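Good morning, colleagues. I would like to take a few minutes to go through one structure with you.

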Amino acid sequence: MSKQNFFWQIQAGELPTPPAAKTLGIRFTQIDAEAGTIETEFQAVHEFTNPAGNIQGGFLAAMLDDSMGPALAATLAIGEFAPTLNLNVSYHRAAKVGLIQGKARIVKRGKDICFLAAELYQDEHLIASATATAMVRNMAVQA
């Protein structure tokens, strides 16, 4: 882990927030890189709704991914990035416009392959959960 990697540079304001994260209205409320856990908040806006007025599932999947990815990113070395290889999402209840809270963690980390998990809550109710597989890569190496 390096506090000089891209994740920590974004947190320090040395690099811009990624556009996707900005669109989701992400905010980190707790980061524990040693434990591999992170807590997030998202602002679900009207533009994220489906015809029924609920938050469209793809935005929830993006919030889950944008919780798990940073949980791992906070632990990476300089020059490393960890793209998501697989994302499995379960929806538990409809989400409305407003604050959505996320909790994510590294479940298991190998040399290159990492297993992650996350949940999203609204008004203390579980609305969605996910597991993911990510691969740690060196950004300088083209695959």
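Let me begin with L120. Leaving aside residues up to four places away in sequence, L120 touches F42, L60, M63, L64, I100, Q101, G102, H125, L126, I127 and A128. Please bear in mind that this is a predicted model.

L120 also belongs to the largest nonpolar core, which has 35 residues. Together with L60, M63, M68, L72 and I100, L120 is among the members that touch the most other members of this core. Which elements each supply at least two residues of this core? They are the helices α1 (6-11), α2 (19-24) and α3 (57-73), and the strands β2, β5 (98-109), β6 and β7 (125-135). The greatest share comes from α3, which gives seven residues.

I turn now to the surface. A nonpolar patch is formed there by L85, V107, I113 and F115, and their accessible area together is about 340 Å². Of these residues, I113 lies in strand β6, which covers residues 113-122. Is I113 buried, partly exposed or exposed? Its relative accessible area is 30%, so I113 counts as partly exposed.

My last point concerns A33, which sits in the loop between β1 (27-32) and β2 (37-44). Why is A33 classed as buried? The reason is that A33 has a relative accessible area of 14%, and buried means under 20%. Between A33 and D123 there are 26 Å in space, C-alpha to C-alpha, and the two are 90 residues apart in sequence.

Thank you for your attention.

Methods: Residues numbered from 1 in each chain as written. Predicted model: local features only at pLDDT ≥ 70, side-chain atom pairs only at ≥ 80, totals over all residues. Heavy atoms only, no water. Patch = residues over 30% accessible without salt bridge, like charges linked within 9 Å, V, L, I, M, F, W, Y side chains within 5 Å. Areas by Shrake-Rupley, 256 points an atom, 1.4 Å probe, with all protein chains shown as cover. Salt bridge = Lys/Arg side-chain N within 4 Å of Asp/Glu carboxyl O. Helix = DSSP H or I, 4+ residues; strand = E, 2+ residues; numbered from the N terminus. Buried < 20%, exposed > 50% of the residue type's maximum accessible area, 1.4 Å probe, protein only. Core = buried A, V, L, I, M, F, W, Y, C linked by side-chain atoms within 4.5 Å. Contact = heavy atoms within 4.5 Å.
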